[in-house]
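Visitor: Could you walk me through this model, one question at a time?

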Amino acid sequence: MKTNEERDWSELFPDVLNLISKKLPDLCDFVRFRAVCKSWCSAVPISDPPPQFPWILMHDPSPDNELCFYSLSCGKVHRIHAPEARGRMLIGPAQNYIFAIDREGSSPSLLNLLTKNEVPLPPIKNFHGRSSICMAPSCKPTQEGEHVAIWQWNKWDSRICTLGLWQPGNEKWTEIEKYSNWAIQFYNDGMYYVYNKRTAETEVIDVRAGTGAPTILVPPPETEFNYFVMSEEGLLGIHCYPGWPCEIYHLVQGNHANPHWMKLKTIGDQMIFLSGRHTGFCAKVSNMNQFKGNCVYLLRNHRDLSFSLDVYGIDAGKWEIWPISPDDADFDRALTWFMPKI
């Protein structure tokens, strides 16, 4: 009988290996798992990684072209060589492709920082850095028929916002201008949402219907919003400030006869990840046993160049500070959420 030291671990059944791989909370551990031997690699396809908890992208590339990511699931800093990101701003949050652009806006692209796959985008006129990108969680920007949306102010003193839509194969952006003073904007699956902070009304525009499409006006909710997020149920409007109760509303449109915001008491096993630029994304707990569902994770940068992660438990109705203490001298300022996908 073989002892433990003599056992050939490469002979584990593929079903067992696949089950083990699904319990690995960090993508780097998944990659190392597949690198053990040929049988382990063949039993666990690279296209079927375990559910992941988002990483925190720390800052723009260092002089040696490295990006730093902090993994909450293992409490470690991952460094990735990314020369393709050098000299470019990285704008998130990102769920697989992050928006990368130079200071002049002449060569934007969608960049997967792990696979190095890059999708070039048309130049952006009058770019000045105040831009945001919104993509669906499953969006693959190389698929025909998929849109990528980016909005930015045309000029510093302008109150007109330009929503730019791009589709694979297009040589330029399709632009939609909208008066948007003190507004939060969001785009998803052909629908353009504009929340006016002054009137608290929300405009819903079906971009696919072309110019002249009717605008649906949603009455004000019970509180003001500072975030829009897309969930499985639809658009969520969120009132989220540390130290105050976090309120979440679901946009109920029905047949457009009586659109309204409905306050939610729970988001179930979903988690909401928020950072700057008034947007974020949702994810499900699914096998991530060390993390809680029905929570909001707010990533905040502070004026002293530090950052914090505040977690709001919807059941308990209170905020907690997530302890982050990476053993890395360069990890000093968070940039945005990044969902690692390969």
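What follows is a set of questions and answers on this structure.

Guide: A word on the ground rules: this is a predicted model, where local features need pLDDT of at least 70, side-chain atom pairs count only at pLDDT 80 or more, and totals for chains, interfaces and linings use all residues. Residues are numbered from 1 along each chain as its sequence is written, and side-chain values use heavy atoms, with hydrogens and water left out.

Visitor: How many helices and strands are there in the protein chain?

Guide: Helices (H or I, at least four residues) and strands (E, at least two) are DSSP runs, numbered from the N terminus. On that count, the protein chain has three helices and 25 strands.

Visitor: What is the average pLDDT of the protein chain, and which elements score lowest and highest?

Guide: pLDDT is the predictor's confidence in each residue, from 0 to 100. The protein chain averages 80, and 81% of the residues score at least 70. Among the elements, the lowest mean, 58, belongs to strand S8 (residues 131–134), and the highest, 96, to strand S18 (residues 247–252).

Visitor: What share of the residues is buried?

Guide: Buried means under 20% relative accessible area, exposed over 50%, and partly exposed in between (1.4 Å probe, protein chains only). Of the 342 residues in the protein chain, the buried share is 51%.

Visitor: What share of the contacts joins residues 24 or more positions apart?

Guide: A contact means heavy atoms within 4.5 Å. Taking the contacts in the protein chain with a separation of 6 or more, residues 24 or more positions apart account for 48%.

Visitor: Which span does UniProt list for the F-box domain, and how far apart are its end C-alpha atoms?

Guide: An unreviewed UniProt entry lists "domain: F-box" at residues 9–44; UniProt positions are given in the numbering used here, feature names are shortened, and annotations may be inferred rather than shown by experiment. In the model, that span is 61% helix and 0% strand. Its end C-alpha atoms are separated by 15 Å.

Visitor: Where is Cys37, and how far is it from Trp9?

Guide: Look in the loop between helix H2 (27–34) and helix H3 (38–43). Cys37 is partly exposed there, with a relative accessible area of 21%. Cys37 and Trp9 are 28 residues apart in sequence, and C-alpha to C-alpha the distance is 9.3 Å.

Visitor: In the open sheet of four strands, what is the order, and which are the edge strands?

Guide: Two strands pair if DSSP finds at least two bridges between them. The order is S3-S2-S1-S25, with antiparallel pairing. Pairing on one side only are the edge strands, S3 (76–81) and S25 (336–338).

Visitor: Which residue in S3 is the bridge partner of Tyr70?

Guide: Strand S2 (residues 66–71) runs antiparallel to S3, and six bridges join the two. Within S3, the partner of Tyr70 is Val77.

Visitor: Why is S20 largely enclosed by the rest of the structure?

Guide: Gln270, Ile272 and Leu274 point one way from S20, Met271 and Phe273 the other way, and all are buried. Strand S20 (residues 270–274) is largely enclosed because the buried residues number five of the five.

Visitor: Which strands pair with S20, and in what sense?

Guide: Five bridges join S20 to S21 (residues 280–284) in the antiparallel sense, with Gln270 opposite Lys284. On the parallel side of things, four bridges link S20 with S22 (residues 295–301), and Leu274 has Leu298 as its bridge partner. So, by sense, that gives antiparallel S21 and parallel S22.

Visitor: Which residue in the hairpin of S20 and S21 takes a positive phi?

Guide: The hairpin has five residues between the strands. The residue with a positive phi, near 65°, is Arg277.

Visitor: Asn294 lies in the loop between S21 and S22; is Asn294 buried or exposed?

Guide: Its phi is near 60°, a positive value in a residue other than glycine. With a relative accessible area of 4%, Asn294 is buried.

Visitor: Which residue in S19 stands opposite Val252?

Guide: S18 is mostly covered, with five of its six residues buried. Four antiparallel bridges join S18 to strand S19 (residues 260–263). Opposite Val252 stands His260.

Visitor: Which residues does the cis peptide bond join, and what is omega?

Guide: Pro93 lies in the loop between strand S4 (89–91) and strand S5 (98–101). The cis bond joins Gly92 and Pro93, with omega about 10°.
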